[in-house]
Amino acid sequence: MSYLLKINNLHVRIGDKEILKGIDLEIKPGEIHAVMGPNGAGKSTLSAVLTGRPDYEVTEGTVQYKGEDLLAKTPEERAWAGLFLSFQYPIEIPGVTITAFMKAAVNAKRKAQGLEEMKAGDFLKLMKQKMAFVQMKPEFAKREVNVGFSGGEKKRNEIFQMAMLDPELSILDETDSGLDVDALKIVADGVNALRSPEKSAIIITHYQKLLEYVQPDVVHVLKAGKIVATGGRELIEAIESKGFDQF
Amino acid sequence: MGHGRYIAPPEGLYQVAAGERLDLQYVVLPGESREIEVTVDLNGPGAEAHIKALYLCRADEKVRFRIVMHHRAPGCKSTQAINGIAGGRADVRFDGTIVVAPDAQQTEAYQENHNIVLTEEARVETKPQLEIYADDVKCSHGATVGQLNPDELFYMRSRGIPESEARTLQMLSFLSPVIPIGREEEIESWIRTL
């Protein structure tokens, strides 16, 4: 069986501090994995290093994505290869509209795939369709990226971008934090709609809320930089009743 | 670049009479060293002056802005927006003063000077000053010297926008308040040379 993502003995540090202390994780096409853990476990570091954020130093281990060395690729090359991160704290980009931003992103990916730029009409149609899907009002197309957005609007914008870019591996970093139930359902619908035998996702969270709406195939518990338990949905229930101290 | 050099308005002293409006726009392109000295006298009630400037440096240019805005009559309005990007070993300085005379009540005066420094060798100094002698005025000034925001850059790259393209987008958005209408493409192509 071939893996979409294969993490082997990954050690990561920021400055002098080792955050990830030997992670092993294998994700097959079509699988949804939940990574749960308390604050400070290294969950966000894992998402950061997978997407190529600067300042994170890999000191040991490998990450293979579609059989290639993921860590050798730039952040944009990872995006072109189908990786997507829904940010825990989406970034505001004053002066750049969502339309301009997504157009640059979609066309850069098409260029990398040897395709022509999308026709303006087709692009706007796609935007409209995906915005409706995450229940973003059409006027957001002209808004500056995340500027003045509420917490829920920012997260919806992340899921909108995910839908636009149609990734093969989506990483949702605490996408559920700070969301009310309605917004949570929109996020869950977004993830569920992308489910297919080829597409996978990593849902990073320390609550079980989102996992009520998106059923993970595999659940991992990350604690102090290591995966300390792997299993099925029964792990979510165990965490809900007894917390992370039991691991 | 296939464009003629921009003819900037002359520098020096501008007198603006009651009810009149003055618009000045300056563009300093890479390779140009310039000293732009402008003094504006808003002499009559309701006079307005609006100054916009942008600069782009990538080598050892020396760029100076010295702007003095006198509000001498009531009900006048002025805005200043000076944004620029300093790369290479550029040396940039902005001195901007707004003076509101005792009689110049109901003055509105705004001044913004924002700068991005691309290299360790480039230098930018900004000195905004307000001298206000009237009490019924709306005045503000803002000055910043910073770098391209690395979080924005990573966010864009994580969406597949190549680093050079992301930087161009950042610089364009930073300059957008001061880019003359119709010259967006020309400025964009200059940005790509930084």
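In which sense do strand E3 and strand E10 of chain A pair, and over how many bridges? The tour reaches that pair after a view of each chain. The model is predicted, so local features are reported only at pLDDT of at least 70 and side-chain atom pairs only at pLDDT 80 or more, while totals for chains, interfaces and linings use all residues. Residues are numbered from 1 along each chain as its sequence is written, and chains are lettered from A and ligands numbered from 1 in the order in which they are written.

**Select chain A**

Chain A contains eight helices and twelve strands; helices (H or I, at least four residues) and strands (E, at least two) are DSSP runs numbered from the N terminus. Its radius of gyration is 18 Å, close to the 18 Å that the globule rule gives for 247 residues, so chain A is as compact as a globular protein of that length. That radius is taken over C-alpha atoms, and the globule rule is 2.2 Å times the number of residues to the power 0.38. Along the principal axes, the C-alpha atoms fill a box of roughly 55 × 40 × 35 Å. Of the 247 residues, 43% are buried; a residue is buried if 20 or more other C-beta atoms lie within 10 Å of its own, exposed if 12 or fewer, and partly exposed in between, with C-beta atoms placed from the backbone.

**Select the six-stranded sheet of chain A**

Display the strands in the order E6-E9-E10-E3-E11-E12 of chain A: they form an open sheet with mixed pairing. Two strands pair if DSSP finds at least two bridges between them. Strand E6 (83-86) and strand E12 (226-231) of chain A stand at the edges, each with a single partner strand, so one side of each is left without a neighbour in the sheet. Neighbouring strands are turned by 20 degrees against each other on average, direction ignored. Axes are lines fitted to C-alpha atoms, for helices over the stretch in contact, and angles run from 0 to 180 degrees between N-to-C directions.

Now select residues 32-36 and 200-205 of chain A. These are E3 and E10, which pair in the parallel sense over five bridges; A:His33 stands opposite A:Ile202 in E10(A). E3(A) also pairs in the parallel sense with strand E11 (residues 218-223) of chain A, over four bridges, and A:Met36 has A:Val221 as its bridge partner in E11(A).

Continue from E11(A) to E12(A). These two strands run antiparallel and are joined by five bridges, with A:His220 opposite A:Thr230 in E12(A). Their hairpin has two residues between the strands, and A:Ala224 takes a positive phi near 50 degrees there.

**Select the interface**

In the region between the chains, 21 residues of chain A are in contact with 16 residues of chain B; a contact requires C-beta atoms, placed from the backbone, within 7 Å. The elements of chain A that give two or more residues to its side are helix H2 (75-80), strand E7 (93-97), helix H3 (98-112) and helix H5 (151-165). By class, that side has 14 nonpolar, four polar and three charged residues. Here Ala, Val, Leu, Ile, Met, Phe, Trp, Tyr, Cys and Pro count as nonpolar, Asp, Glu, Lys and Arg as charged, and the others, Gly among them, as polar.

Centre on A:Ala105. Not counting residues up to four places away in sequence, A:Ala105 touches A:Leu165, B:Arg159, B:Gly160 and B:Ile161.

**Select the cores**

A:Ala105 is also among the residues with the most contacts inside the largest nonpolar core, which has 78 residues. H3(A) gives the most to this core, with seven residues. A second, separate core of 44 residues includes B:Val16, B:Ile36, B:Phe65 and B:Ala122. Such a core is a set of buried Ala, Val, Leu, Ile, Met, Phe, Trp, Tyr and Cys residues joined through C-beta atoms within 7 Å.

**Select chain B**

Chain B has three helices and ten strands, and from the N terminus its elements run β-β-β-β-β-β-β-β-β-β-α-α-α. Of its 194 residues, 39% count as buried.

End at B:Asp41, in strand E3 (residues 34-42) of chain B. Is B:Asp41 buried or exposed? B:Asp41 is buried, because 20 other C-beta atoms lie within 10 Å. Its contacts, leaving out residues up to four places away in sequence, are B:Tyr14, B:Gln15, B:Val16, B:His70 and B:Arg72.

Notes. Two residues are in contact if their C-beta atoms, placed from the backbone, lie within 7 Å.
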